Amino acid sequence: MIDILLSTYNGEMFIREQLDSIIAQTYKDWRLLIRDDGSRDNTVSIIESYAKNYNNIELLPSNGNIGVVKSFETLLKESNAEYFMFCDQDDVWLPNKIEDTFNKMAEQESLLGKSTPILIHTDVTVVDSELNIIAPSFFAYRNLQPDLIHSNLNYTLLYACTTGCTMLCNMAAGRVSLPFPDNVVMHDNHIDRAVAMNAGKCVALHKSTMLYRQHRDNVCGANKPMSLKERIRKQKSDYESYKQYVKRFSFTKYLFWKTLFYVKSRWHK
């Protein structure tokens, strides 16, 4: 069983397309858990209508607006499935998204075992609000090298390669990710770091599995890539979060200072 975790907020414009694309998946052993973060439009009523017709769609009780990170953390805490995926309200999943990603997970678990934290993520097709293609590959559009996430911790800390709405994680990855630290900016960046720092593995599937819709209300989007200098400047104020990761995951002081030296050395170039 795979739990699909969807946090919604004022998503009436696109939520039907997303729900329909999940229902149309070739892989059927899933449950969709939805938490609404205080929508003021018709999002909740739309979800309720789907939940009445599909017994594997469940709308959780909401305690108001707590923000996207805490909302996804709440969903993850509610999940008891062997695997979980994150989902955004405004995208469209291609029919084989779950099947293709799960096949990659099964391949990795056969090599590493289910006790190893494993995160599978994929490429996406970047589209506009009307689903017209902006870029066929998010990896290429952002000049990302996702295969470096597992082999190079410094790259993991500096670059956001794992798009949350493409992730499939096993239960071991969920355990090392909870609870979220207080200063987490986005749930996906936290989880890939948590997996990488717990002897886990982040694996990229170089295939588009969804249409990643860009519109004016995106919480995060496919912005054009920053230069290394711009990215390091952005991360320069993030040293405290690195310290939290080191403390929480019992990472060696040597590797911590090595990472800081790497960031500082690239910054001064």
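**Close-ups around strand S6**

**View 1. S6 meets S8.** In this predicted model, strand S8 (residues 168-170) and S6 pair in the antiparallel sense through two bridges. Here, strands are DSSP runs of E with at least two residues, numbered from the N terminus, and a pair needs at least two DSSP bridges between the strands. Look for Ile-120, whose bridge partner in S8 is Leu-168.

**View 2. S6 alongside S9.** These two run parallel, with nine bridges joining S6 to S9 (residues 201-213). Ile-120 shows up again, standing opposite Val-203 in S9. How many residues of S6 are buried? It's 10 of 10 across residues 118-127; buried means under 20% relative accessible area, using a 1.4 Å probe and protein chains only.

**View 3. The S6-S7 hairpin.** S7 (residues 133-135) pairs with S6 in the antiparallel sense, over two bridges, and Val-126 has Ala-135 as its bridge partner there. Five residues sit between the strands, and Leu-131 takes a positive phi near 70 degrees.

**View 4. Nonpolar cores.** A nonpolar core is a set of buried Ala, Val, Leu, Ile, Met, Phe, Trp, Tyr and Cys residues joined through side-chain atoms within 4.5 Å. The largest one has 35 residues, and Leu-168, Trp-30 and Ile-98 are among those with the most contacts inside it. A second, separate core of 19 residues includes Phe-86, Met-167, Val-184 and Cys-202.

**Notes.** Residues count from 1 along each chain as its sequence is written, and side-chain values use heavy atoms, leaving out hydrogens and water. Local features need pLDDT of at least 70 and side-chain atom pairs count only at pLDDT 80 or more, while totals for chains, interfaces and linings use all residues.

Definitions and conventions: Buried < 20%, exposed > 50% of the residue type's maximum accessible area, 1.4 Å probe, protein only. Helix = DSSP H or I, 4+ residues; strand = E, 2+ residues; numbered from the N terminus.
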